[in-house]
Structures are given as structure tokens and as C-alpha cells.
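The entries below record what I looked up, in the order in which I looked.

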Amino acid sequence: MNNLAFGNFFLKIQPSRPIKPMNDDNFQSLRNLISLKRHEQPDDAYFDELLEEFHRRQQQDHLNPSLRKEISERVLAWFANTNKWNYVMGAGAAYALAFFAVIFFWPKPDVTPVLNTAPITHQEQVEAVETLDEKALELKGEQEGEQVAEPQAY
Amino acid sequence: MAKKPKSVDPDADLVKRAQGGETRAFDELIMKYSRKLYGLVYNMTSNKEDTHDLLQDIFAKAYRSLGRFRGNSMFYTWIYSIAVNMTLNFLKKRKRRAGFSFDDMDSGIHNDPGFIDQGHHSNPRRQSNINELQKKLNEAMQTLSEQHRTVVTMFDIQGMPHAEIGQILGVSEGTVRSRLYYAHQQLQGYLEEFLSPTHSPDQ
């Protein structure tokens, strides 16, 4: 696919905008025009000062190093490497960290027995009273039976 | 088929000395490439102050990362890649500023052979037209996306070959060519008045 065909492909997928096809003369004129921007440069004194400022900043960084900045740059540089194994290793390290965090820091369930201090309902009260009444009757019956069992004198 | 011999890095000695802790060697590297890097960053940001700050950050990062440079590419390609990536990251974060601070810039456009006419150089109207052209070029560049502006800066302004641009940006040569084609189409529309054969800075 040559450049013109590729360019037409781009024209089709871009929002409609009238763009004139570029001929060789226009193309060269445009390149000459753009290349004028290479002259937009400051004078030599600027670059001497640039170097001196760089030295000043280096001295300042040496006195006040930013650990966070250094670490973040190193991490970004490591991931900027297009080697896919870096991502695999990074994901593995993240999973391992998450696993150990769960093991050590997940809150453990409390197994202490808890007494039932909830108030009893009316039905439970009635049942409890009936049970006591039954026991009281049984006890009375036993006592009366013992009285009857005493031998009577003739 | 014989393997293409790996080209020798002209900065290999300076890099080795800088990695050994010799600061003067690193200073020489900075001075050698600072103009090129300035041109790259300025033409992508069109802002003098941003360019200045970015250059300092680029040099600082290159200095910190120099120990990890293994010589798999030329030093120039390596530091250029750092500059491109940092500038692109900056542009993504930056909010669009009004105006371009090139008023204090020493423009050498009037000394370019492509721009010199045989008439009077001290023509105020001519100077005014040059300033207008400079402003228009900056505006035209800002209409491009960051990706397209990068390839135009590297190819049209700094004269780098397609292969080298592709290596720095991590894309194929075909991608570089297609981006350039589209960018030129966009710029042609914006700079049409300056491309007219009847247009002259002295009008």
C-alpha cells in the first residue's frame, strides 16, 4: 500500500473536512516552511546558563533527595520496558503480596461463647409455669402417697 | 547474508566516563545535545518556560538513569527517547495556555537561505511578516495531535531519517510515514496562505 492509498484511508476514517490532495510542489513548500522553525533557538549564553542551573539543581537534590520521586521513576522505568515477562512478574508479586496480607491481617472470627441474654417471650413464660405446676403436682402426689402408706393401728 | 555491523557510538567514551562519576563528561554530553533537545521540546510545547523546565527535568532524569544505560542504542537515541516521552507526558497533563512566549526569542528565520530575498533586510514590514509567520507556524503545530507534532518536529524541523524516528518512538517506519502524511495534510490546510506562490514576506 503506497503513501497515497494510506493517506486516502485516513481521509475516509476522519471527520469530513475538505483537504486538498497535496502535490509535490506544495509538499516541498510546506516542508521548507516548517523547517524554518529550526531557527527558533536562543543564543549560546542561554545554554551556558542552562548548564549552570542544572548543577545548582543537582546540588539541591543531593542535599534534599526525594526518595519517593526516585522510587516512582524506577518503577515507571521498569514497567516501561516492553518485555512481557516484567508484567507477568509484577502481577505475580502483587498477587503474592495480597495473599500474605489476607493471611496475616484478615480479622479472625471471635469464638467466645455468648450467653443468651435475650428477653423471653410470653409463650415461653407460660410453658415455664406449666412445667413448674406439673413438678409441684408430682411432688405433692409423692408426699400424699407416703402419708397413706403409714400403717394404721387397729 | 552478512550481518550489518553495529555502528559505533561516538559518545561511548564520554558515556563511560560519566558513568564512572566524571561530571565534566556528562556536562559535555549535555552541551553537545542541548540545542537539539531544546528544538525538540520547544517545537512540541511552543512555550519557552515549559521548554526550560522540561529540559532541566530531562537532564536530571538522564543523569539518574545513566547507570542503567547499557549501550544497546546510541546515547543520542537514548536521551532523545527520554526527552520525547517526558514531553509527551507533560503535554497530556498540561492545560492549554493562551499565547506563545516567543517574543524574547532570537529568531534566525531572516537568515535562512530559503527566506532571504535580495531586497532590504531592515524592512519593518518584512519583520512584521516574519513575526506573523512564526506565530502562524506555532499555531499550526499546536493544531496537530502530540503524536503527529512529534514526527513533524523530528522529520521536518530536525531532519531525522524515518528509521531513526521509528526507533526512538518505538514504532515502525511505515507508521512514521503515515503519521507524517496525515500531519502534512493537516498543516497544508492551515498554512495555505503561506504556501501560495504569490505570497512573500515583503507583501
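**Entry 1: the core.** I looked up the largest nonpolar core, which has 48 residues; a nonpolar core is a set of buried Ala, Val, Leu, Ile, Met, Phe, Trp, Tyr and Cys residues joined through C-beta atoms within 7 Å. I noted that a residue is buried if 20 or more other C-beta atoms lie within 10 Å of its own, exposed if 12 or fewer, and partly exposed in between, with the C-beta atoms placed from the backbone. The residues with the most contacts inside this core are Ile34(A), Leu37(B), Val41(B), Ala83(B), Val151(B), Val152(B) and Ile165(B). Its largest share, 10 residues, comes from helix H2 (residues 23-45) of chain B. Domain 1 (11-94) and domain 2 (122-203) of chain B both contribute residues, so the core lies between them; the domain bounds come from an automatic or database domain assignment.

**Entry 2: how to read the model.** This is a predicted model, in which local features need pLDDT of at least 70 and side-chain atom pairs count only at pLDDT 80 or more, while totals for chains, interfaces and linings use all residues. Residues are numbered from 1 along each chain as its sequence is written, and chains are lettered from A and ligands numbered from 1 in the order in which they are written.

**Entry 3: the two chains.** I found 9 helices and 0 strands in chain B, and 6 helices and 0 strands in chain A; helices (H or I, at least four residues) and strands (E, at least two) are DSSP runs, numbered from the N terminus. Of the 203 residues of chain B, 30% count as buried, whereas of the 154 residues of chain A the figure is 5%. Among contacts in chain B between residues at least 6 apart in sequence, 69% join residues at least 24 apart; two residues are in contact if their C-beta atoms, placed from the backbone, lie within 7 Å.

**Entry 4: a crossing of helices.** Which residues does Ile34(A) touch, not counting those up to four places away in sequence? I listed Leu137(B), Val152(B), Asp156(B), Ile157(B) and Leu187(B). The axes of helix H2 (residues 24-35) of chain A and H8(B) come within 10 Å and cross at roughly 85 degrees; axes are lines fitted to C-alpha atoms, for helices over the stretch in contact, and angles run from 0 to 180 degrees between N-to-C directions. H2(A) and H8(B) are therefore roughly perpendicular to each other, a term that covers 65 to 115 degrees. Asn26(A), Phe27(A), Leu30(A) and Ile34(A) of H2(A) make the contact with His184(B), Leu187(B) and Gln188(B) of H8(B). Among the buried residues of H8(B) I also found Val176(B), Arg179(B) and Tyr182(B).

**Entry 5: a loop in chain B.** Ser46(B) lies in the loop between H2 and H3 of chain B, and has a positive phi of about 55 degrees although it is not a glycine. Is Ser46(B) buried or exposed? With 22 C-beta neighbours inside 10 Å, Ser46(B) counts as buried. Asn47(B) lies in that loop between H2 and helix H3 (48-65), and with 20 such neighbours inside 10 Å Asn47(B) counts as buried. The C-alpha atoms of Asn47(B) and Asn138(B), 91 residues apart along the chain, are separated by 9.5 Å.

Definitions and conventions. Parallel < 35°, antiparallel > 145°, perpendicular 65-115°, else oblique.
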